[in-house]
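I opened this entry to keep track of what I looked up, going from the whole chain down to single helices. My notes follow in the order in which I checked things.

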Amino acid sequence: MKTLIIGELINNNLSSGTLEILSKATSLNLDAQVITVGIDENPSIGLDNCKQTYLKRKSDSLNLSKAVSKISEIIENEDISLILGSSTYMCRDIIAGLSVDLNSSPVSNVIDFIIESGNVSTVNSINGGESLYKTKINSDQALLLIRPKAFDPIEVNFNDNYETIDLDSSDLEVFDIFIEEKSGPQLEDSKVVISAGRGMVEKENLELIETLALKLNAAIGGTRAIVDAGWMPYSQQVGQTGKTVKPDVYIACGISGATQHQVGMKDSKFVIAINKDEEAPIFQLADLGIVGDTLSVIPKLNENI
Amino acid sequence: MKIAVCAKQIPDPAVEITYSEGSIVRPEEQVLDDTDRYGIEVALQLKEKFDAEVTIISMGPSGTQKGLQQALQMGADKAIFVDDDSLKGANSLMTANVLSEMAKSLSADIVIFGTESTDGYSGTVPQQVSRYLDLECISYVKAIEVDNDVTLTRQTVEGSEKLNMPDKCVISVTAGGVEPRYPNFKDIMAAKSKPIEQVSLGDLNMSSNQNLEFIDIENVENSKSGEKIIDEGEAYQEIVNKLKELKVI
């Protein structure tokens with residue numbers, strides 16, 4: 001099946017989400033090519049066994065609409081029937097735009113897909129991972145937004161052999177670009193993640209989590225509730241509207257485990273939950289549940305590790 | 001300035017969602033999706049500065065209209081909604097098509113959304129609407145400064161970037177981006193006399209396209225042990241032991 005993967009750059013490299021989708025496309029023997037959209041200069045993104053095209057955006061213009069028009073044109077010209085992208089800000093914008101041009105509704109938050117006699121079916125996880133929702137796509141083109149970490153990334157070598165197409169500016173001028181400083185272990189690839197919820201009671205108590213994170217070389221995440229409350233930046237939110245993590249060990253501190261949060265962490269290998277409320281849904285996902293006050297358990301962990 | 005804010009009525013988020021034939025079961029009484037409060041707040045800040053007219057647009061079973069009332073209580077001027085059986089289980093593209101026709105019928109300059117609904121969370125409708133309306137979409141707005149110009153800060157994968165809001169565009173606002181206002185008693189009373197109008201699908205010029213077919217819902221076996229230990233002061237030791245066993249320490 002002729003397939004197009006929308007590629008994304010992070011720090012001048014293809015994102016892990018892109019490599020995860022490429023891995024799935026390879027395992028299904030799809031006739032795939034990648035079109036990467038980004039603003040970096042000359043990223044090293046050429047692939048040995050797969051055509052790569054780079055749509056270079058202007059850094060001073062929000063011109064994703066131009067990227068959409070260009071990709072639509074390529075899809076029509078090359079008769080592509082499957083379009084895949086990672087559930088990120090940029091790919092969501094692009095695939096949403098393509099869906100209007102191609103008159104084919106996309107499927108979001110896909111965790112797996114199957115191709116049988118030319119038809120694409122998708123699998124979504126619902127009710128905090130308790131159920132799988134299956135959909136068949138009946139249009140000529142199928143557009144899928146795939147959740148990060150749904151597949152293991154492919155290991156590939158990169159070269160500099162690809163075509164670059166420069167995109168025009170839109171009318172939207174971007175005038176202040178802020179790159180968030182990242183220090184310490186990152187949520188996406190850390191082996192241990194410690195997340196905080198409302199049970200931490202107040203922002204100052206996050207210091208307890210920071211101390212523990214240093215000891216365990218862990219990344220720190222939070223629920224939507226505490227991000228909304230301004231305790232942590234949005235980039236640290238774990239859940240449906242935030243990041244998906246899949247560490248070896250996930251420690252949920254004072255988190256009740258709303259579906260919104262579960263979606264982002266349920267595939268962690270080993271889950272430790274600490275919560276006062278014995279009935280908290282997080283315990284259903286936990287390998288080890290401690291019914292108790294996070295604020296008294298964590299200081300003891302800090303003293304004894 | 002005319003502003004349309006999309007707001008969705010959803011089942012009480014504290015209650016687990018149930019499905020029938022692949023569609024979310026919707027009770028008579030649904031509430032305003034909290035995600036939409038952020039978009040409404042942005043619209044109201046623009047209204048205060050530019051004397052804009054703010055109309056709530058909504059699609060789905062209207063029921064008791066509680067969610068629409070909640071949107072009006074915040075300070076929107078009126079609401080219009082489409083409630084049509086043929087839209088049951090509508091995919092994101094159909095939803096966007098209906099909403100964009102509603103925005104067009106209002107001659108809206110600015111169309112504002114949350115980033116994604118809490119119940120369906122496809123997260124694509126704002127961008128789809130912008131494409132239908134042939135407008136640019138400023139997505140994932142996390143801060144707004146309203147002066148003579150309006151400056152929007154949008155979330156990006158690496159940080160953020162700022163833009164000036166053009167005269168016409170579609171905006172999606174992230175949860176936590178602004179502080180949604182709480183209505184007081186006077187606002188709640190005032191909302192009761194604000195117009196809520198139903199428009200039929202026939203009034204809107206749109207084509208139906210259901211390219212997504214529900215197959216089934218399968219339950220997944222829970223592989224977690226769910227072992228619970230009541231902390232009587234020493235439970236931390238269980239965690240330490242487990243972290244050693246897992247070679248984290």
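I began with the secondary structure of chain A, which comes to seven helices and 18 strands. I keep in mind throughout that this is a predicted model. For confidence I looked up the scores of the model, which are ipTM 0.93 and pTM 0.92, and I noted that chain B averages a pLDDT of 93, with 99% of the residues at 70 or above. My standing caution is that where pLDDT is low, the predicted coordinates should not be read in detail.

*Overall form of chain A.* I compared the radius of gyration of chain A, 21 Å, with the value near 19 Å that a compact globule of 305 residues would have, and the two agree. Along the principal axes, the C-alpha atoms fill a box of roughly 60 × 45 × 35 Å. Of the 305 residues in chain A, 52% are buried. When I took the contacts between residues at least 6 apart in sequence, I found that 65% of them join residues at least 24 apart.

*Domains.* Chain A is divided into domain 1, residues 2-166, and domain 2, residues 192-304. Their centres, taken over C-alpha atoms, are separated by 31 Å, and seven residues of domain 1 are in contact with seven residues of domain 2.

*Helix H2 of chain A.* This helix covers residues 64-78, and its 15 residues reach 21 Å from the first C-alpha to the last, close to the 21 Å expected at 1.5 Å a residue. Which residues of H2(A) are buried? I listed Leu64(A), Ser65(A), Ala67(A), Val68(A), Ile71(A) and Ile75(A). Seen down the axis of H2(A), these buried residues fall within an arc of 150°, so they line one face of the helix. On the other side of H2(A) I found Glu73(A), Glu76(A) and Asn77(A) exposed. The buried residues of H2(A) pack against several elements of chain A, namely strands E1 (2-10), E3 (31-38), E5 (51-56) and E6 (82-86) together with helix H3 (89-102). Just after H2(A), Asp79(A) takes a positive phi of about 55°.

*Helix H3 of chain A.* I followed that packing to H3(A), which has 14 residues and reaches 20 Å between its first and last C-alpha, close to the 20 Å expected at 1.5 Å a residue. H3(A) is mostly covered, with 12 of its 14 residues buried, among them Arg92(A), Asp93(A), Gly97(A) and Leu102(A). H3(A) is followed by Asn103(A), whose phi is positive, near 50°.

*Where chain A meets chain B.* I looked up the contacts between the chains and found 73 residues of chain A in contact with 64 residues of chain B. Elements that each supply at least two residues to this side of chain A include H3, strand E7 (107-116), helix H5 (224-228) and helix H7 (294-304). The largest share of the side of chain A that touches chain B, nine residues, comes from H3(A).

*One residue of chain B.* Last, I checked Ala190(B), which is found in helix H5 (residues 185-191) of chain B. Why does Ala190(B) count as partly exposed? Ala190(B) has 14 C-beta neighbours inside 10 Å, and it counts as partly exposed because of that number. Ala190(B) and Val15(B) are 175 residues apart in sequence and 30 Å apart in space, C-alpha to C-alpha.

Notes
Residues are numbered from 1 along each chain as its sequence is written. Chains are lettered from A and ligands numbered from 1 in the order in which they are written. This is a predicted model: local features need pLDDT of at least 70, side-chain atom pairs count only at pLDDT 80 or more; totals for chains, interfaces and linings use all residues. Helices (H or I, at least four residues) and strands (E, at least two) are DSSP runs, numbered from the N terminus. The radius of gyration is taken over C-alpha atoms; the globule rule is 2.2 Å times the number of residues to the power 0.38. A residue is buried if 20 or more other C-beta atoms lie within 10 Å of its own, exposed if 12 or fewer, and partly exposed in between; C-beta atoms are placed from the backbone. Two residues are in contact if their C-beta atoms, placed from the backbone, lie within 7 Å. pLDDT is the predictor's confidence in each residue, from 0 to 100. The expected span of a helix is 1.5 Å times one less than its number of residues. The arc is that of the directions from the helix axis to the C-beta atoms. Domain bounds come from an automatic or database domain assignment.
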